[in-house]
Structures are given as structure tokens and as C-alpha cells.
Amino acid sequence: MAVFGEEFSTNITFMDSGTKKFIFELNKLSDAMKNGEGRQYVIFALDFLGEYAEKHLISEEKVMIKYRFHDIEGHAVQHDEFRMELSKITDEYAAKGADHSFPLLVQRFMGSWLSRHISRADKVLGDFLTSAAKKARP
């Protein structure tokens, strides 16, 4: 079970709110898998991930542009990779449905994003935004 804490906190409200929701959904999928209901629940996880890609990642990208984040290209590439991988996973689900291993694939995808992107790249972005906010204060 993933838990929101300092490892994932950026101290940027909208980013941390998105991360908390992401962790909540990852934990819901994990619980469903433990209860033998992963195949039935995985569609809800995919719906959430689609919404996350459409809303949360776009919000981050707008903020990066607004504040001229120094690594906007690298960060945006990671977002695009997330979208591409999610598209592959969603296409696989549409073509085959959820076999026994499919919920695990989605769980690993989510866990990898949490550890690779949120705990690293988003922390850098959060530090940048915090610094930018301090500089903007009179």
C-alpha cells in the first residue's frame, strides 16, 4: 500500500492533491486485486488514468509554461511517455479485456509512475515553483 508522505509531497497544492488521488486509486486497485476483484475493477483504474492524463498532466504543463520551468521539455516528454503507455494499455484492454495478469500490468504501470516521475520529476518541479513563488513576493 502506497502512502502519501514527504517522498511524494511537492508542497504545491494542486500537484499534491493529484498525487493523493493517484495513490488512492492505486491502493483501490491493489485492494481489489487482493480480494480477487482486480479484473472487474481495472476498468475504473483505466478511467482514472485517462482523466489524470487529461486534467492533471495538462495542468502541470500549463504551470510549467507560465513559470518558464527550466526542464519543461524533459518533464513534458515524461508526460507524453505516460500517455503513450496508457494508450497501449487501454488498447490492449479494448482488444482482449482483462485476463488474470492485466490488473498487475496496470498496478505496475501506476507504481512505476509514482516512483519514477512523481517522487523525482514532480519534486524538482515543486521546488522550482516554490522558489518562483518566493521570488515573486514583494
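**Figure 1. Salt bridges in the predicted model.** In this predicted model, a search of the whole structure identifies five salt bridges. Several of them are shown in the views that follow.

**Figure 2. The salt bridge between Glu-6 and Lys-123.** The side chains of these two residues meet with a nitrogen-to-oxygen distance of 3.7 Å. The pair connects distant parts of the chain, since Glu-6 lies in the segment before helix 1 (13-34) and Lys-123 lies in helix 4, 117 residues apart. Glu-6 has a relative accessible area of 58% and is therefore exposed.

**Figure 3. The salt bridge between Lys-28 and Glu-25.** Here the N to O distance is 4.0 Å. Lys-28 and Glu-25 are three residues apart in helix 1, so about one helical turn separates them. Lys-28 is partly exposed, with a relative accessible area of 32%, whereas Glu-25 is buried at 6% relative accessibility.

**Figure 4. The salt bridge between Arg-83 and Asp-80.** The closest N and O atoms of this pair are 3.1 Å apart. Both residues belong to helix 3 (residues 72-96), and because they are three residues apart, about one helical turn lies between them. Arg-83 is partly exposed at 23% relative accessibility, and Asp-80 is partly exposed at 40%.

Figure 5. Leaving aside residues up to four places away in sequence, His-117 touches Glu-60, His-75, Gln-78, His-79, Ser-112 and Asp-122.

Methods: Residues numbered from 1 in each chain as written. Predicted model: local features only at pLDDT ≥ 70, side-chain atom pairs only at ≥ 80, totals over all residues. Heavy atoms only, no water. Contact = heavy atoms within 4.5 Å. Helix = DSSP H or I, 4+ residues; strand = E, 2+ residues; numbered from the N terminus. Buried < 20%, exposed > 50% of the residue type's maximum accessible area, 1.4 Å probe, protein only.
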